[in-house]
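Have a go at each task before you read its solution.

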Amino acid sequence: MHKPINRSLSLTKFLYFLGQTQIWDYRTHRIQRKHLCNSKEVGGLSLPNFIYYYWAVHIKNIMYWLDSSTQQLEWIRMEKEECYPHDIGTNLLSPIKLNSIIYKKNPIIHNIIRIWKQIKVSLKLNNLSVLTPLLNNPAFKPSLIDNTYQQWDRLGIRKVGDMYEVGKLLSFQQLKLKFKLKDNQYFKYIQVCDFMKKYTHRFQTIFLDPLEEAMNIKADSQKLISYFYNNILNRESPSTEALREDWEHELMIKISKDRWEKHLMNTHNCSINARHNLIQFKLLHRLYYSKTRLNKFYPNVSPRCDKCLFQNANITHSFVGCTKLNTFWSDIFDIFTKLFKSRIEPKTEWIIFGIIGEDTNLNKDQNVFFNYGLIIGKKLILKFWKNTTTPTVKMWIRNMMDIARLEEMRLRLIDKYDQFLRSWSLFIDFLESCDAAVP
Ligand SMILES: [Zn+2]
């Protein structure tokens, strides 16, 4: 194995700082990095999280130490010899700090132990891991001198997790039946329980951490780095509950958990264009500076809408609710009505979050066009964000024509022209009929 480098968290923070200066152009960022790194399925932007990748790479290497089926590899044999007579896995997962003489101050082992400690503390893992080997464990002295634990190892009781079933400690009778132990080994069972009790609060029930659960696979499995990266990402995923509540309060509607998840997913389904996805991401995460928000930062800034000069402009008002925007949205929805030959009324929730399948009787391809129409509308409103005027439906049509040309090219190139026709032909026919109507 190459020599692992123990990188401090402060260095990672510095690297992030350098990255942030590029992303945010030295301005104060409006959202936590965790939201940006969140996966697209839950509304994030899937930006790479360096520290999670760093941990995932090392967890993959740690797996080779813990997986007994890979012990024949030369580099594992060499590192194992350095730890003799102790098990290399016990050095890593030991619930107590071990003297580095135990592994002959080997720098590879030393750094891996430090990296694991960083992971353990940062991810708040249990002090006593269920993966801790019981045999040849320096923190569990009887295992070094008593041959019974070698016998247990051969029978299948190799690690702390083997003493549990579905998170509950097995009684001696259950353990005896499961692993065919002899009656006279009850004292050994008590010894192991005493060891576990020492390093965990409620040893009778144990919480199986998702990361430790994920580490119960073979070390030579494929795509392990992505597997562990996603595992860490999912467990550290930030909650969007507060956002959902803010939208419920502002729109005065109830948004079910299931529906909210679909809205989050729609961030990247509303368009193929990354800029459009970013608009939807920023809107959903309420990152745009509305007048009411600016008023909170700077009390001398009026919260009144610059367009209607009548109501306070929160995000919903700025995108949909303003009376000056009524014509813009109703003209767009009139076009939708003509295209789909069914009356479609403007709905604030649809404009803000986009359309999801169950909202209309439209088919999947028509919904694609509908979502493009909504995101283009929002993009135009942003162009007029600080203006007293509003965008017009003619601008919307021009932008939609540009999108149609790009979509036609894109889908032709990947041999999916049929898909383009299914989504856009009604709109193109509509434009041709409009041209024909002009004398
Ligand atoms: Zn207004």
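## Exercise 1: overall build

The protein chain has 22 helices and 2 strands, where helices (H or I, at least four residues) and strands (E, at least two) are DSSP runs numbered from the N terminus. This is a predicted model, in which local features need pLDDT of at least 70 and side-chain atom pairs count only at pLDDT 80 or more, while totals for chains, interfaces and linings use all residues. Residues are numbered from 1 along each chain as its sequence is written.

**Task.** Work out why the protein chain counts as more spread out than a compact globule.

**Solution.** 
1. Take the radius of gyration over C-alpha atoms, and the globule rule as 2.2 Å times the number of residues to the power 0.38.
2. For 439 residues the rule gives 22 Å, but the chain's radius of gyration is 30 Å, well over that, so the chain is more spread out than a compact globule.
3. Now look at the box: along the principal axes, the C-alpha atoms fill roughly 100 × 55 × 40 Å.

## Exercise 2: two domains

**Task.** Find how far apart the C-alpha centres of domain 1 and domain 2 lie, and how many residues of each are in contact.

**Solution.** 
1. Start with the bounds: domain 1 is 9–234 and domain 2 is 241–437, as given by an automatic or database domain assignment.
2. Their C-alpha centres are 47 Å apart.
3. For contacts (C-beta atoms, placed from the backbone, within 7 Å), 8 residues of domain 1 pair up with 8 residues of domain 2.
4. On the domain 1 side, that's 3 nonpolar, 2 polar and 3 charged residues. Here Ala, Val, Leu, Ile, Met, Phe, Trp, Tyr, Cys and Pro count as nonpolar, Asp, Glu, Lys and Arg as charged, and the others, Gly among them, as polar.

## Exercise 3: H15 against H20

**Task.** Describe how the axes of H15 and H20 cross.

**Solution.** 
1. Axes are lines fitted to C-alpha atoms, for helices over the stretch in contact, with angles from 0 to 180 degrees between N-to-C directions.
2. H15 (residues 274–284) and H20 (residues 364–383) have axes that come within 10 Å and cross at roughly 75°.
3. So H15 is roughly perpendicular to H20; angles under 35 degrees count as roughly parallel, over 145 as roughly antiparallel, 65 to 115 as roughly perpendicular and the rest as oblique.
4. His276, Ile279, Gln280 and Leu283 of H15 touch Ile375, Lys378, Lys379 and Leu382 of H20.
5. Sorted by class, the contact has 4 nonpolar, 2 polar and 2 charged residues.

## Exercise 4: H3 against H12

**Task.** Which residues make the contact of H3 with H12?

**Solution.** 
1. The axes of H3 and H12 (residues 224–235) come within 8 Å and cross at roughly 125°.
2. That angle makes H3 oblique to H12.
3. On H3, look for Tyr52, Tyr53, Trp55, Ala56, Val57, Ile59, Lys60 and Met63; on H12, for Leu224, Ile225, Phe228, Tyr229, Ile232 and Leu233.
4. The tally is 13 nonpolar, no polar and 1 charged.

Methods: Contact = placed C-beta atoms within 7 Å.
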